[in-house]
Amino acid sequence: MKGNEAFAEAAIRAGADGYFGYPITPQSEVMEYLMAEKPHERTGMVVLQAESEVAAINMVYGGAACGKRVLTSSSSPGISLKQEGISYIAGAELPCVILNVVRGGPGLGTIQPSQSDYFQSTKGGGHGDYRMIVLAPSSVQEMADFARLGFDLAFKYRNPVLVLSDGAIGQMMEKVELDEQRPRFTEEEIIKNTPWATTGKTKDRERNIITSLDLDSAKQELHNHALQAKYKLMQEQETRFEMISCEDADYLIVAYGTSARISQKAVDLLRAEGIRVGLLRPITLFPFPTEIISKLADQVKGILTVEMSAGQMIEDVKLAVGCRVKVEHFGRMGGIIPSPTEVVEAMKTKIIGG
Amino acid sequence: MAEITKEDIRKPENLIYKKTDLLTDKPLSYCPGCGHGTAHRIVMEVLEEMDIQDKTIGIAPVGCSVLAYEFMNIDMQQAAHGRAPALATAVKRLNPDKFVFTYQGDGDLAAIGTAETIHACNRGENIVIIFINNGIYGMTGGQMAPTTLPGMKSSTSPYGRDVHMMGNPLKMTELVAQLPGTIYVTRQAVHTPANVRKTKKAIRKAFENQKLNKGLSFVEIVSNCNSGWKMNPVQANEWMVENMFPFYPLGDIKVND
Ligand SMILES: Cc1ncc(C[n+]2csc(CCOP(=O)(O)OP(=O)(O)O)c2C)c(N)n1
Ligand code: SF4
Ligand SMILES: [Mg+2]
C-alpha cells in the first residue's frame with residue numbers, strides 16, 4: 001500500500017466519522033482512496049470534498065465540536081491555508097487529526113518531498129500560544145498506526161494532532177499491517193465521553209458552547225495558563241522517539257521521517273568503516289525528545305542533524321544540547337532527498353573532521 | 001370596577017407575552033434599537049414553537065453577533081470569520097437528525113465568507129442560513145461592507161461609496177437564489193411588528209424545510225446599524241426604509257415547494 005492509502009484505510013478502521021479535504025499533490029490519494037472505498041457504506045463515515053482547505057479545516061472544527069472523530073489531510077500550501085482554523089481548533093480545545101504530506105516550498109515550491117514545514121508544525125503556524133502534538137512517521141506502517149494513535153491522543157488531550165509526513169513516505173509502497181475495524185462512537189458514547197460536545201441542549205444540562213473567544217482578559221489569561229499546563233503534560237507523557245545503535249555511539253545523528261531512513265543507512269556505512277555512530281529518531285516533534293538528546297550529548301563528541309530543509313529541527317537539538325558538543329546541520333532542499341553517502345560525507349567533514 | 005393588581009397581571013391566564021425560555025437572561029450587548037436583538041428573539045421563538053431546542057445546533061459568526069451564544073439558550077459553536085457555513089455543513093452531515101443554522105452578518109457572509117456561503121448553498125446543505133444585512137461592519141466600528149449602498153458613508157468610505165473605485169454592493173441573496181441547492185430564499189426586515197411577524201413566518205418555513213430534508217433555506221433580514229450609520233434608532237429605521245429597501249427589496253425571491 002502507498003503511505004497515503006494506508007493512512008486513509010487506517011482512519012476508516014480507527015472509527016473516523018468524517019473526512020474533509022481538498023486535492024493537492026502529493027496527498028490526493030487520501031481522499032481518492034476514501035471515495036473509492038465508500039466508507040459511508042462500510043461504516044457510515046462521511047467523506048466530503050470541500051471548496052478549499054479553509055472550508056475543510058472549518059468543517060473539521062464543526063465536526064469535532066460535535067464530539068466526532070474527524071480528520072483532514074493536505075500538503076504544505078494547503079496546510080498554510082488551514083492555519084487560522086487550526087488556531088481556532090486549538091483555542092476551542094477540539095480533538096482532530098490533520099495530515100501534512102510535506103512538499104518543498106516556499107510558495108508553490110515543488111511537488112517533491114521536503115521537511116521544511118517543521119517550524120510551522122511545531123512552533124505554532126497559526127496565531128496565538130498553542131501547540132499540536134506532532135507525530136512524524138518514517139514508514140508506511142507508521143502512516144497507518146499514527147492515524148489511530150492520532151485520534152486517541154487528540155481525544156485524550158482535546159487537542160489537534162498533526163501527522164507530519166512527507167511526499168516520499170506518502171507515495172512510497174510498503175507492506176503494512178492494519179488494525180481491525182473499530183466501531184464509530186455511538187450517540188451515547190459521545191454524550192458520555194465528550195460531555196462538552198454540541199449535541200443539542202437537553203433539559204438536564206446547561207447549554208454547550210464551543211468557542212475560542214473570551215473578551216475578559218483575566219479569563220483569557222487563565223484559559224492560556226490551562227492550555228500551557230496541558231502542553232506541559234503532553235511533554236511529560238507523550239514524548240516518543242527511537243534510538244538506533246546509540247549505546248556505544250561516539251557520534252550522533254538526529255533525524256525524523258524520510259531523513260531518518262536515509263540516516264539509518266548512513267549509520268550502517270559509517271559503522272562499516274569503524275566509526276561508531278548512532279541515530280536518534282524523534283517520533284513526536286512536539287513534544288520534542290529534549291531529555292534524551294541532552295543525555296546523549298554527554299556521551300557523544302558531536303551531533304549531525306539531517307533534515308530536508310535549511311535546518312529547522314536543529315534549533316530544538318541545540319536547545320537540548322547547549323554548548324556542550326558541536327551540532328551541525330546537513331540537508332537538501334527544493335524536493336531533493338539526500339543520499340546516505342552525502343550524509344556520511346557530512347558527518348566526516350562537519351562533525352568528525354570539523 | 002375593582003382595581004387591577006400586579007398579582008392579577010401575573011396570573012397565567014392574563015399572560016399575553018413572555019420572553020421565550022430559549023433566550024437566556026443575559027442582557028443583550030447590542031446597541032439600543034439594533035435589529036440583532038429582535039432577530040435573535042424570533043429565531044429562538046421558532047425553535048421553541050417547534051420544540052427542537054434539544055436537537056438544534058447554532059453557529060455564531062464573527063461580527064456584532066459573535067456572542068449570540070450568550071443569549072441563545074441552545075448548544076452553539078462560534079466560527080472563524082466567514083466560516084459558519086463550513087461548520088454547519090459538517091455538523092449537519094455528521095448529525096442528519098439535528099437542526100443546524102448559521103447566523104451571520106453581511107461582512108461575515110458576503111465578504112470573507114463568500115466562498116463558504118456559495119458552496120454550502122450550491123451543495124444544497126440541509127441547513128438554515130440567517131443573514132443580517134445592515135450594510136456595514138458594525139462590530140469593527142462602521143467600515144464599508146460588501147453590501148454598503150452606492151454613495152453611502154462609512155469609516156472606510158468617508159466620502160460615500162464610489163462604485164468605480166470601491167466596487168458595487170453585492171446582492172448575495174439574489175445570487176444564491178440562482179443556485180440549484182437553495183430551496184427557499186427570502187428577504188425580510190424586523191423594524192415593525194408586521195415585518196417581525198412576516199420574518200418569523202419565513203424563519204419557521206426555513207426550519208420546516210430542514211425538517212423535511214428539502215435543502216438550504218436562506219433568510220436575509222435587512223437591518224439597521226444605528227452606531228455604524230451614525231443615526232438614532234428612529235432615523236436609522238427611516239433611512240433603512242428609504243434607502244436600503246429600494247436596493248434590497250423585501251419579499252420571497254425563491255420558493256420551491
Ligand atoms: C480573519 C478576520 N478578519 C477580520 C476580523 C475583524 N472583524 C471582526 S467583525 C468584522 C466585520 C463584521 O461585520 P458583519 O459581518 O457585517 O457583522 P455586523 O457586526 O455588522 O453585525 C471584521 C472585519 C476578524 N475577526 N477576523
Ligand atoms: S454596532 Fe450596529 S450592528 Fe452592532 S450592535 Fe450596534 S447597532 Fe447593532
Ligand atoms: Mg454588518
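**Entry 1. Terms and ground rules**

I began with the terms: helices (H or I, at least four residues) and strands (E, at least two) are DSSP runs, numbered from the N terminus. I noted that this is a predicted model, in which local features need pLDDT of at least 70 and side-chain atom pairs count only at pLDDT 80 or more, while totals for chains, interfaces and linings use all residues. Residues are numbered from 1 along each chain as its sequence is written, chains are lettered from A and ligands numbered from 1 in the order in which they are written, and side-chain values use heavy atoms, with hydrogens and water left out.

**Entry 2. Backbone details**

I looked up B:D51, which lies in the loop between α2 (35-50) and β1 (56-60) of chain B. Its phi is near 55°, a positive value in a residue other than glycine.

I then turned to peptide bonds in chain A. A:T25 and A:P26 are joined by a cis peptide bond with omega of about 5°. I located A:P26 in the loop between β1 and α2 (29-37) of chain A. From A:F286 to A:P287 the peptide bond is also cis, and here omega is near 0°. A:P287 is found in the loop between β11 (284-286) and α13 (290-297) of chain A.

**Entry 3. The interface of chain A and chain B**

I looked up contacts (heavy atoms within 4.5 Å). In chain A, 36 residues touch 35 residues of chain B. The buried area, meaning the accessible area (1.4 Å probe) that two parts lose on being put together, summed over both, is about 2,800 Å². Carbon and sulfur atoms give 57% of this area. A:E51, A:K201 and A:R207 supply 22% of what chain A buries against chain B, more than any other three residues.

I next listed the polar contacts, which are pairs of N or O atoms within 3.5 Å; within protein, one must be able to donate a hydrogen and the other to accept it, and residues adjacent in sequence count only if both atoms are side-chain atoms. Across the interface, 19 residue pairs are in polar contact, with both residues at pLDDT 80 or more. On the side of chain A that touches chain B, the elements that give two or more residues include β1 (18-21), α4 (53-65) and β7 (209-210) of chain A. The largest share, eight residues, comes from α4(A).

**Entry 4. Salt bridges**

I searched for salt bridges (a side-chain nitrogen of Lys or Arg within 4 Å of a carboxyl oxygen of Asp or Glu). In one, A:R205 pairs with B:D75, with the closest N and O atoms 2.6 Å apart. In another salt bridge, A:E187 and B:K98 have their closest N and O atoms 3.0 Å apart. A:E187 lies in helix α10 (residues 187-193) of chain A and B:K98 in the loop between α4 (84-94) and β3 (99-105) of chain B, so the pair joins two chains.

**Entry 5. The sheet**

I counted strands as paired if DSSP finds at least two bridges between them. Eight strands form an open sheet with mixed pairing, in the order β7(A)-β2(B)-β1(B)-β3(B)-β4(B)-β8(B)-β7(B)-β9(B). β7 of chain A and β9 (251-255) of chain B stand at the edges, each with a single partner strand, so one side of each is left without a neighbour in the sheet.

Two bridges join β7(A) to β2 (residues 75-78) of chain B, and these strands run parallel. A:I209 stands opposite B:M76 in β2(B). Strand β7 (residues 182-189) of chain B pairs with β9(B) in the antiparallel sense over four bridges. B:V185 has B:K254 in β9(B) as its bridge partner.

**Entry 6. The magnesium ion**

Finally, I looked up the donors (N, O and S atoms within 2.8 Å of the metal, or 3.2 Å for Na, K and Ca; water is not among the atoms, so sites may look incomplete). The magnesium ion (ligand 3) is coordinated by B:D106 (OD), B:N134 (OD1) and B:I136 (O), at 2.0 to 2.2 Å.
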